[in-house]
Amino acid sequence: MPEARVIPLRPDDEEPRLPPPSSASWEEQVADGLEFLRRRVTGDYDTDEFGFDPDLTDHVLLPLLRPLFERWFRVETHGVENVPATGGGLVVANHSGTLPLDAMMATVALHDDHPARRRLRLLGADLVFDLPFIGSLSRKLGSTLACNEDAERLLTGGELVGVFPEGFKGIGKPFRERYTLQRFGRGGFVTAALRTGTPIIPCAIVGAEEAYPMIGNVKTVARLLGLPYFPVTPTFPALGPLGLVPLPSKWLIAFGEPIETASYGPAAAEDPMLVFNLTDQVRETIQQSLYQLLLQRKSVWG
Amino acid sequence: MPPAVVLVTGVSRWLGGALAAELARDRAIERVIGVDTVPPSPEMLRRLGRTEFVRADIRNPLIGKVIATASVDTVVHMNISSTPAGSGGRGPMKELNVIGTMQLLAACQRAESVRRFVLKSSSAVYGASSRDPAVFTEAMQARRVPSGGFARDSLDIEGYVRSFARRRPDVRVAALRFTNFIGPRIDSVLTSFLRMPLVPTALGYDARVQLLHEDDALAVLTRATTGDFAGTVNVGGEGTLLLSQVIRRLGRLQVPLPSPALGSLGRFTRRFGFVDYSPEQMRFLNFGRVVDTTVLREEFGYTPRYTTEQALVDYASTVVPVIPPEVVAGIAGRAQALVTRVGATAGTVGERLRPAPPSPGLRAVRDA
């Protein structure tokens with residue numbers, strides 16, 4: 001009987017009624033939040049010897065940074081395949097943008113866009129760890145002091161370490177010098193990589209320069225506050241706290257091909273010429289990559 | 001070769017007494033001599049067993065006579081005070097620590113019988129600042145040399161012990177840099193600090209804390225006295241905790257105060273011999289300190305039985321939490337149940353509110 005058909009008695013069978021997805025996830029989210037709060041109140045979570053708190057990072061700090069990463073700066077990540085999925089590696093990047101937002105965005109990029117969800121352990125200046133709140137939060141986010149002892153300890157432990165060799169010279173440079181790399185410190189990062197035999201991964205970050213374009217530097221105020229620079233941007237300090245909102249520039253982060261260091265052997269760290277050459281090689285690679293990314297980007301806001 | 005005659009200074013404190021008692025139990029050791037300025041408590045005296053107690057001040061040359069007449073071959077120096085409260089002010093504390101050590105070392109240098117010197121030092125020698133590496137190995141030094149207090153005393157003491165070792169190369173010297181002690185019986189700066197129901201800390205800072213259980217401290221001291229390790233070694237449990245985490249795990253309430261307020265609170269409480277909030281202690285509370293224990297495990301040959309976490313758990317059994325974790329878990333559980341109920345109710349209400357489905361009869365007609 002080809003014309004015979006099943007007449008459904010309950011139309012529900014035709015379109016299976018799914019529970020509204022929003023309400024279920026809402027309940028789960030509240031449950032997760034409650035469990036998180038319980039852990040926080042009773043101290044039932046792990047931290048490492050550097051003060052890194054993965055529980056807080058995953059549940060509070062990264063979710064706070066994610067909207068900035070996805071919606072505000074619309075960060076595009078290139079070349080994550082150049083970052084090893086396991087083992088130590090030294091990510092060396094250009095530094096810019098008055099506030100170290102570039103470091104935060106690189107952390108989110110490697111955690112969210114890398115298949116192994118790698119954690120970037122940043123190295124920061126001692127000023128960062130002197131400041132109340134900022135210092136302790138940085139440690140909880142996985143940062144530690146930029147010194148060879150800490151860098152080598154992290155690299156030996158198989159961590160991915162993020163370093164900005166330009167330091168304050170890079171992050172506090174005026175807007176007109178944007179995307180020109182400053183001097184790369186004393187090459188301490190190269191010796192750390194050589195001693196531990198870990199690869200150096202050059203990383204170029206485009207977009208941070210326009211987030212807080214620094215058009216002036218009030219040196220007197222900086223000296224009074226004990227800061228390396230006191231920035232003047234088109235919105236800060238003119239608009240007060242509102243001036244802290246970064247401009248919505250378009251960001252591109254590119255990880256370059258790793259520079260292998262294991263074949264030199266740990267003794268090579270004592271050879272200053274090799275250290276200088278490697279430092280220059282990394283610097284040149286990042287500068288080239290910056291120019292390429294700038295050509296690729298259609299407009300500053302695009 | 002086990003030592004024949006051991007002299008332990010600071011025997012009236014818990015750790016010194018415990019070490020003397022442990023050594024007295026070892027039949028291979030002929031004599032154990034305990035020295036302190038104050039006599040041990042009756043309970044401690046019972047535990048000390050065959051230990052001979054000598055009431056002497058190590059700041060007094062008399063100590064030299066004790067060492068010479070008993071022909072002591074091993075000296076364990078533990079009479080080092082870490083808080084001004086415990087020794088009647090900063091002045092007497094410094095005198096006991098520095099002058100006392102100098103006197104003791106002077107006596108040891110004269111005594112031909114001395115073959116071994118064990119110093120109970122502290123990881124405080126590394127200081128605590130924002131410029132320090134996260135983890136100290138024995139070869140590192142404080143980036144900001146401590147300018148006062150216990151840390152300065154410890155540095156001075158280690159300096160004197162090093163010059164003693166140079167002058168008497170035949171004496172094997174071991175310096176043990178202990179992290180903060182914790183445990184149910186020991187009385188340390190940290191244990192009294194954490195016994196307070198409200199724990200004032202520095203606002204905006206969170207220190208990394210590495211703990212050592214009292215049993216491990218005792219085992220390391222015993223091994224250092226009877227073994228032949230020479231050199232400097234960090235002694236601490238595996239793993240670290242943040243100060244805020246320690247306070248939470250103990251069910252204490254953390255009261256973050258701005259650093260200047262904490263300083264005045266410290267002066268106030270110190271007057272009552274309460275808790276030490278000296279500038280040095282404050283720096284420790286701000287930045288904390290972690291040491292690498294590879295030398296302890298590989299060269300010294302001891303792996304602490306308690307990790308930092310386990311040591312804290314053992315200590316926690318002796319403090320009554322202000323916020324018991326069961327209560328927190330209970331509240332979280334009830335809130336969880338409430339959420340589930342609200343969710344379920346919202347689900348049914350949503351179902352009721354949904355427009356009634358078309359009746360099957362009509363549908364059948366349409367389908368036909």
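Mentor: A:C203 stands opposite A:F255 in β9(A). Before going further, note that this is a predicted model, in which local features need pLDDT of at least 70 and side-chain atom pairs count only at pLDDT 80 or more, while totals for chains, interfaces and linings use all residues. Residues are numbered from 1 along each chain as its sequence is written, and chains are lettered from A and ligands numbered from 1 in the order in which they are written.

The facing residues belong to a pair of strands: β6(A) and β9(A), residues 252-255, run antiparallel and are joined by four bridges. Two strands are said to pair if DSSP finds at least two bridges between them.

β2(A) and β6(A), the latter spanning residues 200-206, run parallel and share four bridges. With β5(A), residues 160-163, β2(A) is again joined by four bridges in a parallel arrangement; there A:V92 has A:V163 as its bridge partner.

How well is β2(A) enclosed? Five of the five residues of β2(A), which covers residues 89-93, are buried, so the strand is largely enclosed by the rest of the structure. A residue is buried if 20 or more other C-beta atoms, placed from the backbone, lie within 10 Å of its own C-beta; it is exposed at 12 or fewer, and partly exposed in between. Both faces are covered: A:L90 and A:V92 are buried on one side, and A:G89, A:V91 and A:A93 on the other.

These strands belong to an open sheet of seven, in the order β1-β9-β6-β2-β5-β3-β4 of chain A, with mixed pairing. β1(A), residues 76-78, and β4(A) are the edge strands, each pairing on one side only. Helix α3(A), residues 101-113, packs on the sheet and touches β1, β2, β3 (120-124), β5, β6 and β9 of chain A; its direction makes about 165 degrees with that of β3(A). Helix α8(A), residues 188-196, packs on the sheet too, where it touches β2, β5 and β6 of chain A, and its direction makes about 165 degrees with that of β2(A). Such angles run from 0 to 180 degrees between N-to-C directions, with axes taken as lines fitted to C-alpha atoms, for helices over the stretch in contact.

Between the chains, 32 residues of chain A are in contact with 35 residues of chain B, contact meaning C-beta atoms, placed from the backbone, within 7 Å. On the side of chain A that touches chain B, β4 (144-145), α1 (21-42), α4 (126-130), α5 (134-140) and α6 (148-156) of chain A each supply at least two residues. The largest share, ten residues, comes from α1(A). By class, this side of chain A has 14 nonpolar, eight polar and ten charged residues; Ala, Val, Leu, Ile, Met, Phe, Trp, Tyr, Cys and Pro count as nonpolar, Asp, Glu, Lys and Arg as charged, and the others, Gly among them, as polar.

Methods:
Two residues are in contact if their C-beta atoms, placed from the backbone, lie within 7 Å.
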